[in-house]
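Thanks, everyone. I'll take the ligand site to begin with, then the nonpolar cores. Have a look at the model on the screen.

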Amino acid sequence: MAANVRESAMTDRRVGLRKCVEELTALFGDRVATGEAVCRQHANALTGLPVEPPDAVAWPVSTVEVQRIVEAATRHRVPLIAFGGGTSLEGHVNAPNGGISIDFSRMNRVLAVRPEDLDCTVEAGITLDDLRRELKPTGLFFPVDPGSGTATLGGMAATRASGTNTVRYGSMRDNVLNLKVVLASGACIQTAGRARKSASGYDLTRLLIGSEGTLALTTELTLKLYGVPASMVAAVSTFSSVDQAAEAAIAAIQAGLSVARMELLDALQIRAVNQRSGLTLTEAPTLFTELHGSEGACREDLLSFRSIAADCQATSFVSATDDEGRRALWRARHDAFWAVKLLWPGKAVLVTDVAVPLSHLASAIRETEADIASSGLLAPILGHVGDGNFHCIIVFDPSDRALSRTIEGFLDRLVARALRCDGTATGEHGVGQGKKRFMVGEHGGAIDVMRGLKSALDPLGILNPGKIF
Ligand SMILES: Cc1cc2nc3c(=O)[nH]c(=O)nc-3n(C[C@H](O)[C@H](O)[C@H](O)COP(=O)(O)OP(=O)(O)OC[C@H]3O[C@@H](n4cnc5c(N)ncnc54)[C@H](O)[C@@H]3O)c2cc1C
């Protein structure tokens, strides 16, 4: 009996999907595809999680077309998975229940840049690299800087992304003024205007930022922009222990220095970066720091930071003011993930992140280092330590079952440690599938409020099912 019910549900699902794809093909032509290879390209590829491709992919070119997709999917109860750059790290774009991936890459225009208001409006599928290129002649920049330039602004908003600049400029939460979104009902709304502040009603912008495509589909974003600072100074300091490096980072932030970036890389990560980028950095725990401000302020803050680093027993301290030197350094930092892949070719890599209040950062990293050593794992540590956020890049062989269990145990302890000191299971990568199991532990009863919001906004559960909850 139960098997019959299951089978009939499967048949209904297949029929619904077929009809939905037929309707969309009639509207979109070859901008709908069902080939196995293209569907696979639209599933998670960057984590240790299984690859779960959608059944079809659609490429809309306008908000109205996104509405047409939602209407068809609602009629036939077909899951919809928004797809930006596919760079998310917790299985966000997987399709565990099948469905249609909405690839936003053809909605990639800058619609307006308003230097006088320091803002711009873009379509959701524009990549960060393309936005940077378009903004360059204006002397303005968008500061949120996750490690991947192929991430899209829609995907970055959906994951509440942050990155190396967050310590000074904030995350996507702080830098999006307004979203244009299509709801599961098919309606299109704007979440706010362009005013820098507003006390008008519920803050729908902030509700949707970080909702991972489970509450609405973003088609346009209005973003805050900033003038390129008059002066930028980078410093590289090495320490004998990760702990000392973290202490120096904390002291610099607490002293109120004009820190724009504060990145920690452990010795193993430096080895990988050296090999990938042809650098000769000392293989020791290292802080990459960048200060932004006027020339005088940067010079003064650099001196203060040098003395903080010395107090924390820095073993070396080198600064760079020239643009090329700074850029090479940050390119190397951004390539850290790929550097690890290169150093251990043929191995899989799982990147995880947690964040803690700054005062707990040094002890959290120290305990994590000890845990990595006693678990026998290979896992370089790096992090945006100015925000109390750090990552472990776990290198593993997916066919080693015992190792997979060791990694699960390590992840459980990592998150438990972060939560014990009032931190979070993920500072920036998001929940997706990989961190679902930690949500009740972190949010307690608040998870029921989140579930209530989900069913109010998406009563049929068609938007990115199987994520967050
Ligand atoms: C090398 C590397 C380094 C990274 N470093 C960082 C880092 O420093 N900081 C950081 O925050 N992240 C980092 N990430 C993770 C990743 O880059 C971010 O999560 C990024 O924000 C995802 O953007 P995307 O366009 O690739 O989204 P996707 O992976 O395509 O999608 C992510 C989620 O957003 C949803 N989504 C996508 N577009 C839309 C839309 N238009 N409307 C509604 N929902 C949508 C998807 O359904 C999915 O749930 C890194 C990843 C890599 C590979």
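Predicted model: local features only at pLDDT ≥ 70, side-chain atom pairs only at ≥ 80, totals over all residues.

Now the shell itself. There are 36 residues around the ligand. Ala82, Gly84, Thr87, Ser88 and Ser162 come nearest. By class, the shell has 16 nonpolar, 18 polar and two charged residues.

Take Gly84: one of its backbone N or O atoms sits 2.7 Å from a ligand oxygen. Gly147 places a backbone N or O atom 3.0 Å from a nitrogen of the ligand. For Ser162, a backbone N or O atom is 2.7 Å from a ligand nitrogen.

How much of the ligand does the protein bury? On its own, the ligand exposes 980 Å², and the protein buries 97% of that. Which elements give two or more residues to the shell? Strand 3 (80-83), helix 5 (153-158), strand 10 (216-224) and helix 13 (336-343).

On to the cores. The largest nonpolar core has 55 residues. Leu287, Leu361, Ile365 and Phe390 touch the most other members. Look at Phe390. Beyond four places in sequence, its contacts include Val354, Leu361, Ile365, Ile381, Leu382 and Leu414. Thr352, Asp353 and Thr368 are also among them.

There is a second, separate core of 51 residues. Leu17, Val66, Phe104 and Leu463 are among its members.

That's my tour.

Notes
Residues numbered from 1 in each chain as written. Heavy atoms only, no water. Near = heavy atom within 4 Å. Polar contact = N/O pair within 3.5 Å; in protein donor to acceptor, adjacent residues only side chain to side chain. Areas by Shrake-Rupley, 256 points an atom, 1.4 Å probe, with all protein chains shown as cover. Helix = DSSP H or I, 4+ residues; strand = E, 2+ residues; numbered from the N terminus. Nonpolar A, V, L, I, M, F, W, Y, C, P; charged D, E, K, R; others polar. Core = buried A, V, L, I, M, F, W, Y, C linked by side-chain atoms within 4.5 Å. Buried < 20%, exposed > 50% of the residue type's maximum accessible area, 1.4 Å probe, protein only. Contact = heavy atoms within 4.5 Å.
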